[in-house]
Each structure stands twice: as C-alpha cells, then as structure tokens.
Amino acid sequence: KKKTLIIEVNGANLNCYYGEKKDADVSAKTTHEIMNKLVGGRMTFQRAFMTGDITAKGNFKTLRTFDQLFQFASL
C-alpha cells in the first residue's frame, strides 16, 4: 500500500495503524516485497538497512533494536 504504517511500541504494548506521525523516533521506508521478507523472517532489518533496501531517518539507536523488537519466524 502506498500508505504510511505507524508502529508505536510502548513497553509491552504495540499499536499499528495507517496515518501520519510527525514526532516519530524513526521513519523508515521500504517496498512491499522487502516488508514481506522481513515479516517472513527471510531478511533482518539490519541487513535490509545495510543493503539499502530500507532507508531511514531519525534515532538510529532505536533502528538498531528493530530486529530485537520484531522477531519474525523464518518460513
């Protein structure tokens, strides 16, 4: 979808929705294909970022924790 997916993490709570968030800690951009690989456990956020499949701006310390926060099982 050509919409912005907002993922808010607050402790153990996760809130996901489409919209806009001006004060995001990290903004990342990728394709539907790469997102499917991430969710399918076939690619890590770190690898996607290092290869340029994800572009990001904001707090890179937070970006580095994405693989720990979102652990997807490999298919």
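## Elements and their order

Helices (H or I, at least four residues) and strands (E, at least two) are DSSP runs, numbered from the N terminus. By this rule the protein chain has four helices and four strands, and from the N terminus on the elements run β-β-β-α-α-β-α-α.

The structure is a predicted model, in which local features need pLDDT of at least 70, side-chain atom pairs count only at pLDDT 80 or more, and totals for chains, interfaces and linings use all residues. Residues are numbered from 1 along each chain as its sequence is written, and side-chain values use heavy atoms, with hydrogens and water left out.

## Overall dimensions and surface

The C-alpha trace of the protein chain spans about 30 × 25 × 25 Å along its principal axes. The radius of gyration, taken over C-alpha atoms, is compared with a globule rule of 2.2 Å times the number of residues to the power 0.38. For 75 residues a compact globule would have a value near 11 Å, and the 12 Å of the protein chain agrees with this. Contact means heavy atoms within 4.5 Å. Among contacts between residues at least 6 apart in sequence, 45% join residues at least 24 apart.

Accessible areas come from the Shrake-Rupley method with a 1.4 Å probe, and for residues only the protein chains shown count as cover. The accessible surface of the protein chain is about 6000 Å², of which 52% belongs to carbon and sulfur atoms. A residue is buried under 20% relative accessible area, exposed over 50%, and partly exposed in between (1.4 Å probe, protein chains only). Of the 75 residues, 16% count as buried.

For charges, Lys and Arg count as positive and Asp and Glu as negative, while His and the chain ends are not counted. The place of a charge is NZ of Lys, CZ of Arg, CG of Asp or CD of Glu. The mean positions of the 12 positive and 7 negative charges are 4 Å apart.

## Nonpolar core

A nonpolar core is a set of buried Ala, Val, Leu, Ile, Met, Phe, Trp, Tyr and Cys residues joined through side-chain atoms within 4.5 Å. The largest one here has 10 residues: V26, I34, L38, M43, F45, A48, I54, L63, F66 and F70. Helix 1 (32-39) and helix 2 (45-50) are the elements that give two or more residues to this core. In soluble globular proteins, nonpolar side chains tend to be buried together.

Leaving aside neighbours within four places in sequence, V26 is in contact with A56, K57, G58, N59, T62, L63 and F66. T62 counts as partly exposed because its relative accessibility is 24%. T62 and V26 are 36 residues apart in sequence, with their C-alpha atoms 7.1 Å apart.

A28 lies in strand 3 and, at a relative accessible area of 48%, is partly exposed. Not counting residues up to four places away in sequence, A28 touches I54, T55 and A56.

A24 sits in the loop between strand 2 (13-18) and strand 3 (26-29); its relative accessible area of 35% makes A24 partly exposed. A24 and L38 are 14 residues apart along the chain, and their C-alpha atoms are separated by 21 Å. G41 is in the loop between helix 1 and helix 2 and is partly exposed at 25% relative accessible area. The C-alpha atoms of G41 and E8 are 21 Å apart in space, and the two residues are 33 apart in sequence.
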